[in-house]
Amino acid sequence: MTLRAYYTSDELTLRTDVLSCTPTDDGKFQVVLAETLFHPQGGGQLADQGVIAGIPVKGVSQNENQVIHVLEQPVPLGPAEIAVSPDVRSLHARLHSAGHLISGVGQLMGWQPVKGHHWPGECRVVFERQPQSEALTAEQLEHAVNQLINDDVPRHLLDQNGLRTVCFGTLPMHGCGGTHVVSAGEIGPVKVLKFKEKKGQLSVHYDIGN
């Protein structure tokens with residue numbers, strides 16, 4: 001089992017142990033660490049990038065309770081320094097956090113968030129209409145989200161019976177294994193690009209500014 005340090009820590013460097021380094025048929029190596037800061041691809045978020053013992057990480061995935069780091073060169077077993085790319089982490093965390101703000105604002109207005117996708121250039125949140133859903137426009141949603149960003153509301157992380165949950169300010173908590181900014185002001189302005197309801201599902205496509 002890999003301890004996922006990014007669940008509770010925003011640090012980007014860590015000294016950990018390489019537990020295994022297994023060659024694959026395509027000439028790469030799958031590395032398992034005792035503890036990792038690398039977020040694997042999944043949950044609507046792309047994988048972190050960075051280095052393990054100075055060797056670039058080419059991919060990160062998960063296999064049950066293990067996080068698998070893909071490298072093009074082997075690394076020795078034992079202690080190793082790992083470092084996550086700050087630029088990539090910042091972009092992914094900002095996009096994912098913006099999605100949580102959109103989800104939370106929509107939920108407060110009676111819309112049930114059912115899907116989030118936070119890849120650069122493809123970001124969207126999907127809601128399902130509920131009996132209590134209020135009228136909502138793209139302009140209303142964008143304004144409410146950017147007000148939270150201007151107010152720099154803080155992120156909250158909680159463990160609820162073994163489930164990691166995330167929220168910003170007083171928005172509803174959502175179960176989430178992704179990475180997030182410390183407070184909403186780090187996200188930058190959010191722009192709703194597309195806002196369309198079809199067959200009871202509302203799709204909100206969005207992006208963030210620099």
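Strands β9 (112-117) and β10 (residues 124-128) pair in the antiparallel sense, over 5 bridges. Strands here are DSSP runs of E with at least two residues, helices are runs of H or I with at least four, and both are numbered from the N terminus; two strands pair if DSSP finds at least two bridges between them. Gln-112 sits opposite Glu-128 in β10. The hairpin of β9 and β10 has 6 residues between the strands, and Gly-121 there takes a positive phi near 80°. β10 is also joined by 5 bridges to β15 (residues 201-208), again with an antiparallel run. Phe-127 has Leu-202 in β15 as its bridge partner.

Some ground rules: this is a predicted model, where local features need pLDDT of at least 70, side-chain atom pairs count only at pLDDT 80 or more, and totals for chains, interfaces and linings use all residues. Residues are numbered from 1 along each chain as its sequence is written, and side-chain values use heavy atoms, with hydrogens and water left out.

Now for the pockets. A pocket is an open set of points on a 1 Å grid over the protein atoms alone, where a 1.4 Å probe fits and protein lies on both sides within 12 Å along at least five of seven lines; lining residues have an atom within 4 Å of a point. Grid points are joined across faces, edges and corners, and a volume is the space filled by probe spheres set on the points. For the classes, Ala, Val, Leu, Ile, Met, Phe, Trp, Tyr, Cys and Pro count as nonpolar, Asp, Glu, Lys and Arg as charged, and the others, Gly among them, as polar.

| Pocket | Volume | Lining | Classes |
|---|---|---|---|
| Largest pocket | about 310 Å³ | 23 residues | 7 nonpolar, 14 polar, 2 charged residues |
| Second largest pocket | about 230 Å³ | 19 residues | 7 nonpolar, 6 polar, 6 charged residues |

In the largest pocket, Gly-43, His-96, His-100, Gly-175 and Cys-176 lie nearest the centre. α1 (86-108), β9 and β13 (174-175) each give at least two residues to its lining. That lining draws at least three residues from each of domain 1 (3-84) and domain 2 (88-208), with domain bounds coming from an automatic or database domain assignment.

For the second largest pocket, the residues nearest the centre are Asp-10, Arg-89, Ala-93, His-180 and Val-181. Two or more lining residues come from each of α1 and β11 (155-160), and α1 gives the most, with 5 residues. Domain 1 and domain 2 each supply at least three residues to the lining of the second largest pocket.

Finally, a few single residues. Thr-16, in β2 (residues 13-23), is buried because its relative accessible area is 7%; buried means under 20%, exposed over 50% and partly exposed in between, with a 1.4 Å probe and protein chains only. The Thr-16 side chain reaches the backbone nitrogen of Glu-35 at 3.1 Å.

Most residues other than glycine have a negative phi. Which value does phi of Asp-152 take? Phi of Asp-152 is positive, near 55°. Asp-152 belongs to the loop between α2 (138-150) and β11, and counts as partly exposed at 39% relative accessibility. Asn-161, not a glycine either, has a positive phi of about 55°. Asn-161 lies in the loop between β11 and β12 (163-168) and is exposed, since its relative accessible area is 84%.

Technical notes:
A polar contact is a pair of N or O atoms within 3.5 Å; within protein, one must be able to donate a hydrogen and the other to accept it, and residues adjacent in sequence count only if both atoms are side-chain atoms.
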